Every structure is written in structure tokens, then in C-alpha cells.
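Please walk me through this structure in the viewer, one selection at a time. Tell me what to select next and what is there.

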Amino acid sequence: MADVRTDHPLAGGRQAALARGEPRRGWLARREALYGYAFISPWLFGLLAFTAGPLLAAFYFSFTEYPILSEPTWIGLENYERIFTEDEQFITSLINTAVYVGIRVPLHLGLAFGLALMLNRTIRGIGFFRTAIYLPSMIPIVAMAVIWRILLDPRVGYVNYFGGLLGLPEVNWLTSEAWVKPVIVFVSLWQVGIPMIIFLAGLGGIPEQLYEAAEIDGANPLQKLVSVTIPMMTPVILYNVVIDIINSFQVFAYAFILTRGGPNDATLFYVLYIYRQAFQYFQMGYASALSAILFVIVLILTLILLRSSNRWVHYERI
Amino acid sequence: MSASSVARPASAGTRPAFGRRKIIDRVLTYGSLALVSAIMMMPLYLMILISFRPADRAFTYPPDLWFTYFTLDNYPDALFRLLPFSLYLRNTVIIASLVIVGELVACSLVAYGFARFRFPGRDALFVVLLATLMVPFVVRLVPLFILFQKLGWINTFLPLVVPSFFGTPFFIFLMRQFFMTIPSELVDAARIDGAGELRIWAQIMMPLSKPVLAAVAIFAFQNTWNDFLGPLVFLQKAEVRTIILGLYGLMGMFVEWHLVMAAVVAAVTPLIIVFFIFQRFFVKGITVSGLKG
């Protein structure tokens with residue numbers, strides 16, 4: 001290391017050079033590049049072994065018949081043909097999931113945004129309220145499902161009792177085909193903490209001068225929300241929408257525990273269907289084809305959102 | 001939004017009309033916050049309530065929302081008789097500890113590489129890293145199961161632990177954003193003193209990055225503790241089960257709900273304790289990540 005004392009490749013003025021984006025030349029650059037690759041090599045290996053490799057493998061298995069105990073045999077497009085032409089449960093699970101995503105994402109993010117606005121204050125005791133509202137989001141979904149299983153019980157549950165006090169009809173929530181999806185969305189809304197904290201961090205980053213300027217122009221609170229807060233928050237909103245859609249597409253535990261996909265497949269969500277094909281019927285090839293379709297759906301949705309973003313996301317900075 | 005107008009001290013007495021509006025504003029603010037908090041906390045409250053109810057009073061009609069009937073017996077019953085809780089706890093703690101160590105070491109090395117070195121393809125690779133955030137876990141689940149089965153890792157902790165030693169994109173992203181905020185003069189000074197890159201990482205970057213390391217540790221702890229699909233698929237034997245799988249197992253049996261609630265309370269208590277100890281790092285870890293727009 002003695003040789004680098006006076007003329008270390010990375011020392012001095014580097015930040016400025018980085019900012020100017022100047023290319024480096026010679027062995028100094030090679031040395032820095034080697035260090036860079038060395039430091040990121042764990043992730044590169046993990047990317048190949050646990051993400052890219054499995055994605056390619058799933059793609060390959062989707063063209064095979066692969067009952068877990070024997071070797072995969074190539075069957076071409078047969079899995080996809082069956083999925084798109086014969087498999088009614090595929091259609092059902094896709095529609096169920098789309099309905100769930102379509103109801104949940106706006107409600108979940110609307111609630112998260114509203115709560116973040118409420119909590120974005122510097123008043124005494126605000127930390128207590130932030131904690132209280134975040135706390136349920138830490139609870140494992142399995143635990144939440146157990147709790148709601150009891151609260152929704154038609155015999156002993158509290159939901160029907162208090163609903164009755166409000167004049168609502170008595171419903172067997174988890175066995176009603178009409179009610180079960182809205183109920184699962186409703187139950188999932190208690191876990192609003194992560195998008196809420198991200199919104200809260202975003203709200204904290206909006207410069208106070210913008211509000212002061214708006215006030216000088218005579219804006220009322222609603223006008224400030226519409227013309228300052230929401231435009232400034234669009235990058236955070238985009239992030240939350242993309243992540244929430246991806247997460248909601250993977251809804252599994254609530255249905256797996258509360259309803260087992262029933263009644264009459266009303267909560268057979270897509271991931272639950274993949275799980276059944278893979279780990280109950282052990283059809284790894286068929287499950288891989290279903291997984292590949294999910295990947296393409298999520299990819300297309302994400303690309304559409306990112307593409308549309310230059311029309312509604314503002315990146316101005318002060 | 002109206003933070004400044006609420007926080008500003010009132011010029012008391014001189015403008016009574018303003019004062020009254022302020023009081024109304026304050027009552028509305030606290031009232032709505034209290035109402036929302038109560039609704040959000042309600043399931044947790046009822047869970048705790050039922051966990052302390054004696055069997056014959058677990059559900060009274062009409063519902064009684066106070067600790068009128070109280071017993072401690074459910075806890076020993078649920079944790080020793082109903083479930084091998086200490087075994088599940090031990091398994092979960094082992095997995096979570098190893099995952100935390102793996103994530104902290106791997107993610108900070110990788111993040112340091114992305115934050116402080118220039119190399120061909122760096123920015124493209126970082127975009128790839130961000131893109132992998134959007135790959136649903138379930139898409140990889142089937143091939144990962146086949147891979148781990150071939151390796152003989154099913155029914156061991158390895159499928160849940162080993163990937164964390166290669167980093168998780170979201171944590172790498174958080175750390176990289178934090179590292180970018182550390183003044184490069186500190187690192188440069190160490191380089192001039194002849195410190196090697198690993199030493200700079202260990203002795204300069206790590207001590208300066210405690211907030212983000214703590215945030216990642218907590219997120220990793222929570223994710224591992226709460227994980228359901230991974231353990232469900234990779235851990236099938238009873239003796240390797242995690243706490244969450246134990247809770248799930250209870251749903252399949254015909255059991256008394258007051259005991260189930262005691263088990264749920266016991267399962268989430270460590271999460272809540274850790275949350276309260278490290279609470280202040282949560283928001284900080286996200287705030288520095290640059291998600292604030």
C-alpha cells in the first residue's frame with residue numbers, strides 16, 4: 001500500500017471529476033473498476049443464482065411437463081395452450097386478482113396519502129399517533145388473518161354485532177361469494193404503514209417556501225393541496241403505485257388462511273393458484289408457465305406506468 | 001401542511017376570534033387523529049383482550065370490550081401445550097439473526113461499490129438492480145424450490161438464509177443512497193493515509209452509517225419474522241418450522257380461540273419490542289433514501 005501514498009488513484013478532487021463525468025484512463029481507472037466490480041460481486045452472483053437464473057429456468061420449465069419427482073420433458077407450447085384455452089381456473093384467478101388489485105390499490109394508497117397528510121404536522125404527541133397507525137403494519141399477515149378470522153366469525157365475531165348496532169344485515173362474510181373479496185380488501189387496509197411512511201417522508205421534503213408563496217397568492221388549503229402538494233408528490237406517488245400494484249398482485253396469505261380460495265373459487269387468487277399447481281399437484285412445468293404469465297403481466301403494467309409517468313410526474317427541484 | 005400555523009405560539013388574548021378558531025382546529029385535529037388511531041389499533045386491542053379471557057368467557061354476548069374477565073392461564077397453555085413455541089422461537093431467531101448478518105455485510109459492500117467507485121456499466125447495473133425490485137417473488141418461487149431441492153436444502157434454514165448473504169436490492173438501494181451523503185473528504189483522507197478499500201469500508205463507512213444499518217437490520221428482522229410463503233414452501237418438517245408457520249398450523253386444528261390469540265400475542269411481541277427500541281431509525285432510514293422526491 002506504500003506506493004499509493006502520494007498518488008492514490010481515488011484521492012483528491014475525485015468528487016469533482018465524478019460530477020464532471022470525466023472518463024478515467026490507464027491503470028488507475030482499471031484499478032478503480034476492479035475494486036468496484038469486487039465490491040458489487042456478491043450481488044452480481046446473487047443476481048445470477050437467485051434471480052436471473054431462476055427466471056430463465058422458469059421460462060424453460062414452462063415449456064415442459066415436470067411432475068416434481070421425474071425429469072422435465074419438453075412439450076413445447078402445450079402448457080400455454082391449456083392455460084389459454086381450457087383452464088377455467090386460470091381465468092377465474094386472473095379476474096379475481098384483477099378485481100382485488102383494482103379495488104385495493106386506490107383505497108390503500110388513498111388511505112395512506114390521507115393519513116400521511118394528517119400526520120404531517122409538528123404538534124405535540126404526533127409521534128404517538130404515527131406509532132399507533134403504523135403498528136398494525138408490523139403485524140404478520142398470518143397473525144392479522146387469525147385475528148380477522150375471529151372478528152368476522154358469524155357466530156362469535158364482533159363485526160356482525162357492531163354492524164347490527166348500525167343496522168347492517170348479518171352476513172357470513174367469509175363464505176359469501178359477493179362479500180368475500182371486498183372483505184379481504186378491507187382487512188388488508190390495516191397494513192397501510194409502509195406507503196404511508198414513504199408519503200410522509202415525501203411530504204417532509206416539500207420546501208416550505210412553496211407553501212409560503214402559495215399563501216401570498218391567497219391560496220386556500222385545498223388549493224395548496226392541489227397545486228403544490230400533489231404535483232410535488234407525483235414521483236413518490238408513482239413509486240408507491242408501482243410497488244403497491246406488484247405487491248397486490250401477489251396476494252396470497254389472506255386467501256390461503258381465511259378462505260382457502262373459496263367460496264366457489266371467489267378468492268382463488270393468481271398466486272394461490274400457482275401455489276396449488278406447484279405444491280399440491282406438483283405440476284412444476286404448468287406452474288412455471290403460470291409464473292411466466294404473471295411476470296409478463298406485471299412487467300407490462302410497470303412499463304405502462306413508467307411510460308405514462310412523463311405525462312403526470314413532475315421532477316422539478318428547488 | 002398547516003404545521004407552521006399550528007405550531008406558532010399564539011399572541012394570547014389580543015385576538016380572541018383567532019384564538020377560538022385555533023382551539024377548534026386543535027380539537028378537530030386531535031379528535032380525528034385519536035379516532036383513526038383507535039380504529040387502527042382495534043384489532044390489536046381485541047387480540048390482547050381475548051388472549052387474557054378464560055375459556056368460558058372468551059366471547060360474551062353482547063361483546064364486552066374491557067378486561068372484565070381476566071386470566072393468565074392461556075399463555076402457558078398456548079405456549080407449552082398447544083405449540084412447541086420455544087422450538088419455533090429458536091428456529092425463527094436463528095434464521096432472523098443470520099439473515100440480518102448476511103444483509104448488513106453483503107448490502108453494505110455492494111452499496112459501497114455502487115456509491116464510491118466508477119467502472120464501466122455501473123449505472124446500467126444499478127438500473128438492473130432497481131428493475132429486480134419489480135420481479136414478484138412468486139415468479140422465482142418454483143425454480144428456486146427445484147434448485148434448493150436439488151441442493152438438498154429443503155427442510156433446512158439455508159433457502160431462507162443463504163440468499164441474504166448476496167444482498168437484497170431494496171436494502172442495497174437504501175444503503176447506497178445513504179453512502180452518497182457521506183462527504184468524500186473523509187474517505188479521501190483515509191486513502192491518502194494508505195488505508196485499503198476494505199479497511200475504509202469497515203472503519204469509516206460502517207461507523208458513519210449506523211442509522212441506515214439499523215434501518216436495514218430492522219426491516220430484515222421484520223421481513224424474516226413475518227415471512228410466510230418462503231417457510232411454507234421450504235420448511236415442511238415440524239422441527240424446522242418458524243413461529244408464523246406455527247400460527248398457521250393452529251388455524252387447521254379445532255382449537256379454542258383464546259389460546260390462539262395468546263399464541264399470536266406471543267408471536268408478535270418480539271416485533272413490537274424491537275420496533276419500540278429502534279423506532280427512530282425507521283423513518284430516518286427511508287427519509288435518507290431519496291424517496292422524498
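## Chain B: two domains

Begin with chain B and its two domains: the centres of domain 1 of chain B and domain 2 of chain B, taken over C-alpha atoms, are separated by 33 Å. This is a predicted model. To colour the domains, select residues 3-75 for domain 1 and 76-287 for domain 2 of chain B.

Next, show the contact between them. Here 10 residues of domain 1 of chain B meet 13 residues of domain 2 of chain B. On the domain 1 side, α2 (16-51) and α3 (74-82) of chain B each provide at least two of the touching residues. The largest share of that side comes from α2(B), with four residues. By residue class, the side of domain 1 of chain B that touches domain 2 of chain B has six nonpolar, two polar and two charged residues.

## Asn74(B)

Stay in chain B and select Asn74(B), which lies in helix α3 of chain B. Is Asn74(B) buried or exposed? Asn74(B) has 25 other C-beta atoms within 10 Å, and the cut-off for a buried residue is 20 or more, so Asn74(B) counts as buried.

Leaving aside residues up to four places away in sequence, Asn74(B) touches Ser51(B), Phe52(B), His258(B), Leu259(B) and Ala262(B).

## Asn155(B)

Move to the loop between α6 (137-150) and α7 (158-161) of chain B, where Asn155(B) is found. Check its backbone: phi of Asn155(B) is near 70 degrees, a positive value in a residue other than glycine. Asn155(B) counts as partly exposed, with 17 C-beta neighbours inside 10 Å.

## Across to chain A

Show both chains together. In the contact between them, 95 residues of chain A meet 82 residues of chain B. To find the element of chain A that gives the most to this side, select helix α2 (residues 26-61) of chain A, which supplies 19 residues. The side of chain A that touches chain B divides into 72 nonpolar, 17 polar and six charged residues.

## A helix pair in chain A

Select helix α10 (residues 208-216) and helix α11 (residues 221-249) of chain A; their axes come within 10 Å and cross at roughly 140 degrees. That angle makes α10(A) oblique to α11(A). The crossing of α10(A) past α11(A) is right-handed.

Which residues make the contact? From α10(A) they are Leu210(A), Tyr211(A) and Ala214(A), and from α11(A) they are Lys224(A), Ser227(A) and Val228(A). The contact of α10(A) with α11(A) comprises four nonpolar residues, one polar and one charged.

## Two loops in chain A

Go to the loop between α12 (253-259) and α13 (270-279) of chain A, which holds Pro263(A). The peptide bond from Gly262(A) to Pro263(A) is cis, with omega near -10 degrees.

Finish in the loop between α13 and α14 (284-312) of chain A, at Phe282(A). Phi of Phe282(A) is near 55 degrees, a positive value in a residue other than glycine. Phe282(A) is partly exposed, with 13 C-beta neighbours inside 10 Å.

How values were computed: Residues numbered from 1 in each chain as written. Chains lettered and ligands numbered in written order. Predicted model: local features only at pLDDT ≥ 70, side-chain atom pairs only at ≥ 80, totals over all residues. Domains from an automatic or database assignment. Contact = placed C-beta atoms within 7 Å. Nonpolar A, V, L, I, M, F, W, Y, C, P; charged D, E, K, R; others polar. Axes fitted to C-alpha atoms, helices over the stretch in contact; angles between N-to-C directions. Parallel < 35°, antiparallel > 145°, perpendicular 65-115°, else oblique. Left-handed = near helix turned anticlockwise from the far one by under 90°. Buried ≥ 20, exposed ≤ 12 C-beta atoms within 10 Å, placed from the backbone.
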